[in-house]
Amino acid sequence: MPASATAPAALPRRRLLGPAIVSLVGVTILIGLGVWQLERMAWKQALIATLTERLAAEPVPMPAPATWAGLSREATEFRRVRVTGEFLHDKEALVYAVGSGSRTATGGLGYMVFTPLKLADGRLVLVDRGFVPDADKAPEARAAGQVRGPVELVGLMRWPEQRSVFAPSDDPARNIWFARDTASIAAAKGVDVPVFYLDLEAPPAPGGLPRPLHLQPNLPNNHLQYAITWFSLALALAVIFFVWAFGRRGSDA
């Protein structure tokens with residue numbers, strides 16, 4: 001068959017090549033997002049199960065300082081522990097409080113008060129003592145809560161959070177941080193603490209401030225809905241392309 005006879009048929013196919021590639025890339029990305037949401041769902045389900053189990057367990061003695069370097073987030077985060085020590089209130093730091101579905105409500109803008117706790121052997125560990133409203137962030141505004149002397153407390157072992165790319169820079173000059181970052185706080189305060197910190201459960205501070213915000217295993221888990229949405233969009237894009245392509249070939253015939 002002469003080459004001129006095949007040219008008109010080949011031309012429409014070449015016109016479909018660009019849109020086909022764009023549609024294929026779009027479908028691939030949408031499917032990838034759906035798979036990622038399924039992975040996130042599995043991670044969230046495991047986290048909820050861990051929270052449910054560890055928050056229901058009885059407190060145990062905090063691991064000895066000699067073992068701190070070998071502790072891992074996976075094995076020990078959210079473990080309820082008991083410890084006795086004395087707060088160093090002159091070294092406290094304020095961490096801007098961001099609402100979370102896993103915590104009791106904060107009741108407005110404010111800060112989490114991170115204070116070093118001095119143990120019997122002289123070692124220090126940071127304790128998130130709880131929430132203070134912005135109007136009460138100054139220690140003198142909540143003097144009753146600045147307890148002195150040894151105190152026995154129960155808290156959750158926690159690891160530093162990942163700093164958001166949108167978080168402002170910390171402001172040690174104003175004693176304000178924008179992430180639960182033990183290393184940054186320790187460096188500014190001139191103290192040596194482990195990578196983990198304790199999230200205080202009890203006892204409550206005299207006068208009510210700082211106010212512990214108790215974790216709850218009620219994290220939102222909407223990842224299956226998100227996955228279905230992404231997969232549906234991928235299917236819709238594929239259908240739209242094929243309908244358009246067959247219509248276009250029919251018009252070029």
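This report describes strands, a helix, nonpolar cores and selected residues of a predicted model.

## Basis

In this predicted model, local features need pLDDT of at least 70 and side-chain atom pairs count only at pLDDT 80 or more, while totals for chains, interfaces and linings use all residues. Residues are numbered from 1 along each chain as its sequence is written, and side-chain values use heavy atoms, with hydrogens and water left out.

Helices (H or I, at least four residues) and strands (E, at least two) are DSSP runs, numbered from the N terminus.

## Strand β5 and its partners

Of the 10 residues of β5 (124-133), 9 are buried, so the strand is largely enclosed by the rest of the structure. Buried means under 20% relative accessible area, exposed over 50%, and partly exposed in between, with a 1.4 Å probe and protein chains only. Strands pair if DSSP finds at least two bridges between them. β4 and β5 pair in the antiparallel sense over 8 bridges, and the hairpin of β4 and β5 has 5 residues between the strands, with glycine 122 at a positive phi near 95°. β5 and β8 run parallel and are joined by 2 bridges. Valine 127 of β5 is the bridge partner of threonine 115, and valine 127 also has leucine 198 in β8 as a bridge partner.

Leucine 124 is in strand β5 and counts as buried because its relative accessibility is 12%. Contact means heavy atoms within 4.5 Å. Leaving aside neighbours within four places in sequence, leucine 124 is in contact with residues including Trp68, Leu88, Leu117 and Val193. Leucine 124 and glutamate 86 are 38 residues apart in sequence, with a C-alpha to C-alpha separation of 9.4 Å.

## Nonpolar cores

A nonpolar core is a set of buried Ala, Val, Leu, Ile, Met, Phe, Trp, Tyr and Cys residues joined through side-chain atoms within 4.5 Å. The largest one has 17 residues, and Met62, Leu117, Phe196 and Leu198 have the most contacts inside it. At least two residues of this core come from each of β2, β5, β6 (151-158) and β8. Apart from this core lies another, of 15 residues, among them Val95, Ala97, Phe131 and Tyr197.

## Helix α3

The buried residues of α3 (residues 182-189) are Thr182, Ile185, Ala186 and Lys189. They cover an arc of only 95° around the axis, which puts them on the same side of α3; the arc is that of the directions from the helix axis to the C-beta atoms. The exposed residues Ala183 and Ala187 are on the face turned away from the buried side. The buried residues pack against β3 (93-96), β4 (110-118), β5, β7 (176-177) and β8 (197-202).

At the N-terminal end, aspartate 181 caps α3 with a side-chain oxygen 3.2 Å from the backbone nitrogen of alanine 183. Glycine 190, with a positive phi near 70°, follows α3.

## Two glutamates

Glutamate 77 is in the loop between α2 (73-76) and β2 (80-87), and counts as buried because its relative accessibility is 5%. A polar atom of its side chain lies 3.0 Å from the backbone nitrogen of tryptophan 159. Leaving aside neighbours within four places in sequence, the contacts of glutamate 77 are Arg54, Ser72, Met157, Arg158 and Trp159.

Glutamate 201 lies in β8. Its side chain and that of arginine 80 are joined by a polar contact of 2.9 Å. A polar contact is a pair of N or O atoms within 3.5 Å; within protein, one must be able to donate a hydrogen and the other to accept it, and residues adjacent in sequence count only if both atoms are side-chain atoms.
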